[in-house]
Amino acid sequence: MMTAFAVGGILTHLVRERSASSHRRPADSDHLGVDLSRAQFWATSVAASAATFVLVLAATRIVVVAIVPSVVVATFPRSYYVRRRARQVAELLEAWPDGLRDLVSSVRSGASLPTAIESLGRFGPEPLRASFGGFGVYARSLGVVPALEMIRSDLADPTSDRVIEVLILAHQRGGAVIPAILNDIADATTKDVWTLEQVRGEALEQKINSRVVFVLPWLVLVAMTAQSTAFREFYSSSAGALVVAIGGVMSIAGMVIASRIGSQPTEPRVFTGVAQ
């Protein structure tokens, strides 16, 4: 239990630090694309940590050896949901060029912009359908601009912010310039997709290497202390505990440094409709 509370405290500190560095987005499950409450999210993290601590302790019988793996595993749920959210945003970004060109085709065929946006929820790219599926109902009951602002809030990413803002301006201005405006934003979004793919490809190898370098020594340590009495006796001593503590601090510091070096810069949301 003490380990679980300690892990919870460490996670809280890390999340607060992360939140401060990316001040635009709170570090809770609501902004990770997770259908979990904050309490359920933290309970999952602490439960994963506690289970890992118990398993490693049962294998090695050394408390200090079990602490670092349990702390690392406690970060896995958040890492998983962060990656899932990033994948959702990437899929959304990749869908926008085709979605915008669908809008251009609809407008050029004689449809009004609201009608073209409504059809996007039925026939547009799959990542956009869920958010735009209710546009028609919202537009008829609230108005086109409030409906688009609701969708912008639901999508919650910088590219969608820009696109929705352009759609709002196009609706308010109207006229023959709408296809040209939509084509311009489609071309800009296509360039963003290409840039994102290049950045992801270059960062992938570095992320894999940093994680392998971090995990491998601890797997070896657990294997040694689980099988060898001599290693178990040494790491059960104060000298062994000191070695593990130093190694744990260095490993975590190295992982944090590698993560920051390999992290992609987060584009701030500008057109959010709320004060930041």
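The structure is a predicted model, in which local features need pLDDT of at least 70 and side-chain atom pairs count only at pLDDT 80 or more, while totals for chains, interfaces and linings use all residues. Residues are numbered from 1 along each chain as its sequence is written, and side-chain values use heavy atoms, with hydrogens and water left out.

The protein chain contains 12 helices and zero strands. Helices (H or I, at least four residues) and strands (E, at least two) are DSSP runs, numbered from the N terminus. Of the 276 residues of the chain, 37% count as buried. Buried means under 20% relative accessible area, exposed means over 50%, and partly exposed lies in between (1.4 Å probe, protein chains only). The accessible surface of the chain comes to about 15600 Å², and 62% of this belongs to carbon and sulfur atoms. Accessible areas come from the Shrake-Rupley method with a 1.4 Å probe; for residues, only the protein chains shown count as cover. Among contacts (heavy atoms within 4.5 Å) with a separation of 6 or more, 66% join residues 24 or more positions apart.

The largest nonpolar core has 30 residues, of which W96, F132 and L167 touch the most other members. Such a core is a set of buried Ala, Val, Leu, Ile, Met, Phe, Trp, Tyr and Cys residues joined through side-chain atoms within 4.5 Å. Two or more residues each come from α4 (76–108), α5 (113–123), α6 (126–132), α7 (135–142), α8 (144–155), α9 (158–173) and α10 (178–227). The largest contribution is that of α4, with seven residues. With neighbours within four places in sequence left aside, W96 is in contact with L120, L128, F132, L155, T159, S160, V163 and T189. Apart from this core lies another, of 13 residues, including I62, V64, F214 and W218. In soluble globular proteins, nonpolar side chains tend to be buried together.

F214 and W218 are also touched by S251, not counting residues up to four places away in sequence. S251 is located in helix α12 (residues 238–262). Its relative accessibility is 19%, so S251 counts as buried.

F135, G136 and A139 of α7 are buried. These residues lie on the same side of α7 because they cover an arc of only 100° around the axis, the arc being that of the directions from the helix axis to the C-beta atoms. V137 and S141 are exposed on the other side of α7. The cover over the buried residues of α7 includes α5, α6 and α8.

Two residues other than glycine have a positive phi. For R61, phi is near 65°; R61 is found in the loop between α2 (38–60) and α3 (63–74). R61 counts as exposed because its relative accessibility is 63%. For A156, phi is near 55°, and A156 is in the loop between α8 and α9. A156 counts as buried because its relative accessibility is 11%.
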